[in-house]
Amino acid sequence: MRVLTRLTAVETRLMLRDAAGPMFTVLLPVALLVVFGLPGSAHKADPALGGHRGIDTVIPSMSVMVSMAMVAFFMLPVVLAGYRERGILRRFATTPVKPAALLGAQLLMNAGVVLCSVLLTLVIGVVALGMHLPNLPLVVPTLLLGVLGLFPIGLLVAAVAGSTKTATGYALAMWFPSAFFAGLYVPVEYMPKVLRRIGDFTPLGAFRQAIQAAWAGDVPHPLHLAVLGASFLLAGGLAVRYFRAT
């Protein structure tokens, strides 16, 4: 535990030296929250949202979803692929500190980035945009399940990508269809039924729906929780199997 704590502190300092990526990951979701949360239409009850307001449902869930995706699909795999490309993982394997500890430190650090983004979304939404305080007993475990369901996808990308360029390519290939089916471009409530159904079975789409329900005070649909659980088992298992130091 002491080694993990020290490694997490070191990785955090290294991340803060080049803060452009983390800052973008934190500020982009907040910018989306503000842009879409300011118009008056976001503060009116919408029948398509079950009578809830957009500022309490689709808008904060979009913000949180983007933050989670930026970390899981981009930050995490690109950094780890860079470590492999520069031989850092190989050197770790020859020391008492194994690469598994470095992976744990990366997971904790990136989870902290997501937490900062969510807290900023919450504070700005409630204080500046009139967002209702979400149901935190539902939101917190849903966020944790999102980390467990989406971060292994980033680990899997890092496991098969031999360079930062390759990892970025894989991340982009995943991001655009995942974001579409998660309702980033068109809210899923306004999608054709078949597209919405497809989104239910994508990890990012399932997380978006689950966090949106939890934010509004509803229990997430069991299907969305099951999809995130399956993503954890499948992507996590494949990442463990194929991850290598070289």
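This report describes aromatic pairs, a nonpolar core, salt bridges and a few single residues in a predicted model.

## Aromatic pairs

A search through the whole structure gives two aromatic pairs. In one of them, the ring centres of Phe-74 and Trp-175 are 6.5 Å apart and the ring planes meet at 70 degrees, so this pair is edge-to-face, since an angle over 60 degrees is the cut-off for that label. The pair joins distant parts of the chain, because Phe-74 belongs to helix α3 (residues 58-85) while Trp-175 belongs to helix α7 (residues 164-181), and the two are 101 residues apart. Both Phe-74 and Trp-175 are buried.

Phe-180 and Phe-181 also form an aromatic pair, again edge-to-face, with 5.1 Å from centre to centre and 75 degrees between the planes. Phe-180 has a relative accessible area of 29%, and is therefore partly exposed. Another ring takes part in a contact with a charge: the charged end of Arg-84 sits over the ring of Phe-243, at 5.0 Å from the centre of that ring.

In soluble globular proteins, nonpolar side chains tend to be buried together. In this model the largest nonpolar core has 65 residues, and the residues with the most contacts inside this core are Trp-175 and Phe-207. Helix α3 supplies the largest share of the core, with 17 residues.

When neighbours within four places in sequence are left aside, Trp-175 is in contact with Val-66, Ala-69, Met-70, Phe-73, Phe-74, Leu-184, Tyr-185 and Leu-204. One of these contacts, Phe-74, is also the partner of Trp-175 in the edge-to-face pair.

Phe-207 lies in helix α9 and counts as buried because its relative accessibility is 0%. Not counting residues up to four places away in sequence, Phe-207 touches Val-64, Met-65, Met-68, Thr-142, Leu-143, Gly-146, Leu-150 and Leu-228. The C-alpha atom of Phe-207 is separated by 17 Å from that of Leu-33, a residue 174 places away along the chain.

## Helix α9

Helix α9 (residues 203-215) has 13 residues, which at 1.5 Å a residue should span 18 Å, and this agrees with the 18 Å found between its end C-alpha atoms. The helix is mostly covered, as 12 of its 13 residues are buried. The buried residues include Leu-204, Phe-207, Ile-211 and Trp-215, and also Arg-208, Gln-209 and Gln-212. Just after α9, Gly-217 takes a positive phi of about 95 degrees.

## Salt bridges

Side chains of opposite charge can pair when their charged atoms come close. The count for this model comes to two salt bridges. In one, the side chains of Arg-53 and Asp-56 meet with a distance of 2.8 Å from N to O. Arg-53 is buried, with a relative accessible area of 16%, and Asp-56 is buried as well, with a relative accessible area of 8%.

In the other, Asp-200 forms a salt bridge with Arg-197, and the closest N and O atoms are 3.6 Å apart. Because Asp-200 and Arg-197 are three residues apart in helix α8 (residues 193-200), they are separated by about one helical turn.

Apart from residues up to four places away in sequence, Ser-63 touches Pro-29, Val-30, Leu-33 and Thr-121.

Gly-51, by contrast, is found in the loop between α2 (20-37) and α3, and counts as partly exposed at 42% relative accessibility. With residues up to four places away in sequence again left out, Gly-51 touches Ala-45 and Asp-46. Gly-51 is 119 residues from Tyr-170 in sequence, and in space the two are 39 Å apart, C-alpha to C-alpha.

Conventions: Residues numbered from 1 in each chain as written. Predicted model: local features only at pLDDT ≥ 70, side-chain atom pairs only at ≥ 80, totals over all residues. Heavy atoms only, no water. Phe/Tyr/Trp six-rings, centres within 6.5 Å; stacked < 30°, edge-to-face > 60°. Helix = DSSP H or I, 4+ residues; strand = E, 2+ residues; numbered from the N terminus. Buried < 20%, exposed > 50% of the residue type's maximum accessible area, 1.4 Å probe, protein only. Lys NZ or Arg CZ within 6 Å of the ring centre and 35° of its normal. Core = buried A, V, L, I, M, F, W, Y, C linked by side-chain atoms within 4.5 Å. Contact = heavy atoms within 4.5 Å. Salt bridge = Lys/Arg side-chain N within 4 Å of Asp/Glu carboxyl O. Expected span 1.5 Å × (residues − 1).
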